[in-house]
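Subject: Structure handover

Hello,

Here is the structure I said I would pass on. My notes on its packing and its pockets follow below.

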Amino acid sequence: MWYHEQFEALHVDARHRELLRFILLTVLEDISFTSKDGQFLRWDSRSEKVKLRNTRRRAVGRPPTKLFKKPRIVDVKTAVIRALDLIIGDVSLNQESSLKKGKQQLIIDSVLDSLPLQDESQFDAVITSPPYCNRYDYTRTYALELAFLGVSNKEVLDLRQKLLSCTVENRPKLMQLEDNYKNVARLSDYEFVKTILDEHQALQETVEALRVRSRLREVNNRGVISMVQGYFTELAFVILELFNVCKKGALVAIVNDNVRYSGEIVPVDLILTDIAARIGFTPQRIDVLPQRKGNSSQQMGKYGREALRKSILIWKK
């Protein structure tokens with residue numbers, strides 16, 4: 001915070017001040033007692049937070065939480081200088097490059113709201129890695145950065161609901177999507193995608209299998225079922241809009257993970273690719289990355305180990 005105050009007080013223009021603020025944002029994890037670990041922040045056992053928690057646990061006769069110690073916590077000065085060196089190197093390479101200069105536009109909005117408003121047939125290619133259907137709540141993973149930016153608790157809760165559904169806390173967005181398409185006079189597109197989803201046998205079988213396991217009390221959170229439904233629903237509308245904004249012949253590359261719940265494997269890559277084909281894309285291939293994702297220890301203990309694909313999906317308009 002001292003560095004933040006010093007940077008804000010510098011007599012430089014707004015762009016430089018924003019760059020320095022960005023640097024502090026990028027080094028927060030390096031200088032903190034936290035480490036991003038899947039769907040939450042893991043806290044170092046030397047932090048006051050963990051010490052206090054374990055004191056309370058011992059007071060009621062419970063064992064302390066499993067101890068975790070980061071290999072290295074960097075001091076702020078070292079972290080800031082290292083980040084500045086990286087940026088200087090990037091800028092130098094860019095200045096020396098003979099490549100055509102690009103143009104970037106940052107749209108601060110939900111993709112569900114902003115993509116339907118974009119002009120059609122404007123992009124030669126799309127490369128994206130949407131959230132995975134893995135229960136990861138990115139508002140928790142990036143809690144440190146959000147706190148540093150001064151985002152309030154209410155704003156975090158609102159942001160969590162605006163993100164593409166990938167956690168059990170997400171509420172369904174189907175009515176919101178219907179309103180969006182009504183507002184832009186494209187209700188027929190909404191009905192088109194909804195029909196694809198309703199008639200998609202593999203997707204409906206996957207959801208029904210999870211419902212069966214839930215009735216057998218094998219699903220530890222019923223929100224998993226609505227999350228899976230919401231995930232494919234929202235991604236189907238994203239795929240429709242990607243088709244609309246791409247030029248003919250454009251390639252789309254999407255990175256994604258398959259997931260497993262209560263022993264039921266959800267073939268995310270195959271379902272999304274089939275939805276894309278029904279919307280109008282021509283699937284080119286699915287590249288399976290060498291490293292295969294494992295399962296949680298709870299699932300392996302009950303259902304056995306099953307390698308899950310991490311894939312790059314390539315489609316062509």
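F232 touches L197, L203, V266, V268, I271 and L272, leaving aside residues up to four places away in sequence. Please keep in mind that this is a predicted model.

F232 and W315 are the residues with the most contacts inside the largest nonpolar core, which has 47 residues. Helix 12 (223-245) is among the elements that each supply at least two residues of this core, and the largest share, 15 residues, comes from helix 12. The other elements that supply at least two each are helix 9 (174-183), helix 10 (187-198), helix 11 (201-215), helix 13 (268-279), strand 4 (246-257), strand 5 (259-261) and strand 8 (310-316). Another core, of 12 residues, lies apart from that one and includes F7, I23, L24 and A79.

Now the open space. The largest pocket holds about 1900 Å³. Its lining is made up of 43 residues, and L106, I107, I108, D109 and V111 lie nearest the centre. By type, the lining residues are 26 nonpolar, eight polar and nine charged.

Which element gives the largest share of the lining of the largest pocket? That is helix 2, with six residues. Helix 2 spans 14-31, and two or more lining residues also come from each of helix 5 (111-114), strand 3 (123-128), helix 6 (138-141), helix 7 (143-148), helix 8 (153-162) and helix 12.

Regards

Conventions. Residues are numbered from 1 along each chain as its sequence is written. This is a predicted model: local features need pLDDT of at least 70, side-chain atom pairs count only at pLDDT 80 or more; totals for chains, interfaces and linings use all residues. Side-chain values use heavy atoms; hydrogens and water are left out. A nonpolar core is a set of buried Ala, Val, Leu, Ile, Met, Phe, Trp, Tyr and Cys residues joined through side-chain atoms within 4.5 Å. Buried means under 20% relative accessible area, exposed over 50%, partly exposed in between (1.4 Å probe, protein chains only). Helices (H or I, at least four residues) and strands (E, at least two) are DSSP runs, numbered from the N terminus. Contact means heavy atoms within 4.5 Å. On a 1 Å grid over the protein atoms alone, a cavity is a set of points where a 1.4 Å probe fits but cannot get out, and a pocket is an open set with protein on both sides within 12 Å along at least five of seven lines; lining residues have an atom within 4 Å of a point. Grid points are joined across faces, edges and corners, and a volume is the space filled by probe spheres set on the points. Ala, Val, Leu, Ile, Met, Phe, Trp, Tyr, Cys and Pro count as nonpolar, Asp, Glu, Lys and Arg as charged, and the others, Gly among them, as polar.
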